[in-house]
Amino acid sequence: MSDRLDPSRDVDAGLAKGTDGAGNAGAPVELVVFDFDGTSMKGNSPVQLVFYLWRKGMLKKRVMLRIGTWGLRYKLRLPQDESWVRGLVFSAFEGKPKALVDEFLHVFCDEEIEPRFRHQADEAIAAHHAKGRVVLLVSATFEPIVERIMERHDYDHHFATRMRLDSRGNYTREVDGLPVEGAEKLRLVRLYADKTYGEGNWKLAYAYGDHHSDRTLLDAAEHPCAVTPDQPLERTAKKKHWEILNWDN
């Protein structure tokens, strides 16, 4: 099970799953960071969620059209409001109790996301743990989905996009803070690691990502790994001699 850490609020909570974060004989703690969508899993969990909600009649046609327009702009790499589109998706859950929505998203994860999880990710996680490294999962997808993944796969800790609750504990359409995407992934990892281990007592040993928005994270790692990358990330990986992994097999 994962602890639900938001570094801006409870960064001193420490690592999940009993990991004490101690280095070997004073050596810096080695962190390994995995992206989720397109890296640990094949495909994109928010996209799968949109179609899942549509099949169940939980998203209106006009909302689907607006999400589709956003998706087209995203594919064209035009500037996007990441919080706005997540609010559109969560319009399906607005005003509903957190426990009820989280359970719905856990079932969705079991049915649609777990079968897409890549065995290569599990193998890489196990290999890093065997070397005594701490493995983190960072994702722009919704936190209840990532929490379910944490129950089934051996990441030590996670950062994911959290949606705001109202005073009665019901979900709203607003993102609580910022979506965990792009440079925000690296910012959260650094904040967490500095608070948990102390500045200078850790290093980002490996980072795995598939999308050009993961460049900042990968560029900060000693061993950046581009996993079945999109074309812009592949160009960067080749230019900088990063390892390129094909996890579609």
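Colleague: Why does D35 count as buried?

Modeller: Buried means under 20% relative accessible area, exposed means over 50%, and partly exposed lies in between (1.4 Å probe, protein chains only). D35 has 4% relative accessibility, so it counts as buried. Before we go on: this is a predicted model, where local features need pLDDT of at least 70, side-chain atom pairs count only at pLDDT 80 or more, and totals for chains, interfaces and linings use all residues. Residues are numbered from 1 along each chain as its sequence is written, and side-chain values use heavy atoms, with hydrogens and water left out.

Colleague: Thanks! Where is D35, and what does D35 touch?

Modeller: D35 sits in strand β1. Strands (E, at least two residues) and helices (H or I, at least four) are DSSP runs, numbered from the N terminus. Contact means heavy atoms within 4.5 Å. Leaving aside residues up to four places away in sequence, D35 touches S40, L137, V138, K185, Y208, G209, D210 and D214.

Colleague: How do you know which strands belong to the open sheet?

Modeller: Two strands pair if DSSP finds at least two bridges between them. Take β2 (residues 134-142) and β3: they pair in the parallel sense over 5 bridges, and V138 has F159 in β3 as its bridge partner. In total, 6 strands form the open sheet, in the order β3-β2-β1-β6-β7-β8, with parallel pairing.

Colleague: What makes β3 and β8 edge strands?

Modeller: β3 (157-161) and β8 (243-245) each pair on one side only.

Colleague: Which strands run antiparallel, and how many bridges join them?

Modeller: Strands β4 (residues 163-165) and β5 (residues 171-175) run antiparallel and are joined by 2 bridges. β4 and β5 form a hairpin with 5 residues between them, and G169 in the turn has a positive phi of about 80°.

Colleague: Why is α2 called roughly perpendicular to α5?

Modeller: Helix α2 (residues 45-55) and α5 pack at an angle of about 105°, their axes 11 Å apart. Angles under 35 degrees count as roughly parallel, over 145 as roughly antiparallel, 65 to 115 as roughly perpendicular and the rest as oblique. The angle therefore makes α2 roughly perpendicular to α5. Axes are lines fitted to C-alpha atoms, for helices over the stretch in contact, and angles run from 0 to 180 degrees between N-to-C directions.

Colleague: What is the largest nonpolar core made of?

Modeller: A nonpolar core is a set of buried Ala, Val, Leu, Ile, Met, Phe, Trp, Tyr and Cys residues joined through side-chain atoms within 4.5 Å. The largest one has 46 residues, and F34, Y155 and Y208 have the most contacts inside it. Helix α5 (residues 98-113) gives the most to this core, with 5 residues.

Colleague: Last one: how many disulfides are there?

Modeller: A disulfide is a pair of cysteine sulfur atoms within 2.5 Å. Searching the whole structure finds 0 disulfides.
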